[in-house]
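Hi,

Here's the structure I said I'd pass on.

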Amino acid sequence: MHENLAVCAELCAAAASRGAKLVVLPENFAFMGPDSERQNHAELLGDQEAPIQRALSSLARRHAVFLVGGGMPERGENAERPFNTAVVFDPTGTLVGSYRKIHLFDVDLSDGTTLRESATTTAGTEPVLIRIGDFGVGLSICYDLRFPELYRALGRLGAEVLLAPSAFTLHTGKDHWHVLLRARAVESQCYVVAAAQWGKHPLGRTTYGHALIADPWGTVIAECSDGRGFALGTIEAGRLASVRASLPSLEHRKL
């Protein structure tokens, strides 16, 4: 975990040096080991001395950025099944928001991979919107991407930017990652910011990577190649307003 947090610190510093004001880390940014060990790293939300939250708070304060930890184990009532929780720290290092992943990844893939997130994780129940600067920001995590009703709910709450930190498998990511992210951007007329795990992990799991930012027209304005790195783009209020004015689909909803 400490090695992972050191890489997060390195990339956060690099992004901040390039002018980033919002930094998003992927799902499982601190721990991507066996699911059976997640409970050993679970933290009580708001515990300023817990190692993951302490590290994120320090980074946000040091670099004066909003910092989103895209999915970490949060201790709940069921100690054996912590929540998968995205946490948001403001530039003072204060925890200002959190979201518990609603849709859990239980699948048997054709490549032989079997994943049962629900066996070690408790699902959240509520969509979450926070304010970051002048924008309404909707929170989600990875598998949530396949459920557009969540993003409709976030839109009704006032979302203008959608965060989708992920650890998409290589098998699904190569075919669905770009399609799903661009679809969420187009149908919601929002910016989509999607941090992503890349590489090989314990138990033979391989993730697709290609962290990206899409604008409200569905155009990818920044994307990582294979390997470690970050995507940097600008969220423009004018672009958001222009897209929504030229194609007012959000005003035409009937259901």
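Predicted model: local features only at pLDDT ≥ 70, side-chain atom pairs only at ≥ 80, totals over all residues.

Residues are numbered from 1 along each chain as its sequence is written, and side-chain values use heavy atoms, with hydrogens and water left out.

Searching the whole structure turned up 7 salt bridges (a side-chain nitrogen of Lys or Arg within 4 Å of a carboxyl oxygen of Asp or Glu). One of them pairs R184 with E187, with the closest N and O atoms 2.4 Å apart. Both sit in helix α4 (residues 170-188), 3 residues apart, or about one turn of the helix; helices here are DSSP runs of H or I, at least four residues, and strands are runs of E, at least two, numbered from the N terminus. R184 is buried at 7% relative accessible area, and E187 is partly exposed at 24% (buried is under 20%, exposed over 50%, partly exposed in between, using a 1.4 Å probe and protein chains only).

Then there's D215 with R239, closest N and O atoms 3.2 Å apart. D215 is in the loop between β13 (212-214) and β14 (220-223) and R239 is in helix α5 (residues 237-246), so this pair ties together parts 24 residues apart in sequence. D215 is buried at 5%, whereas R239 is partly exposed at 30%.

R116 also bridges to D108, at 2.9 Å between the closest N and O atoms. Here R116 is partly exposed at 37% and D108 is exposed at 54%.

Lastly, E27, K101 and E117 are joined in a salt-bridge network.

Cheers
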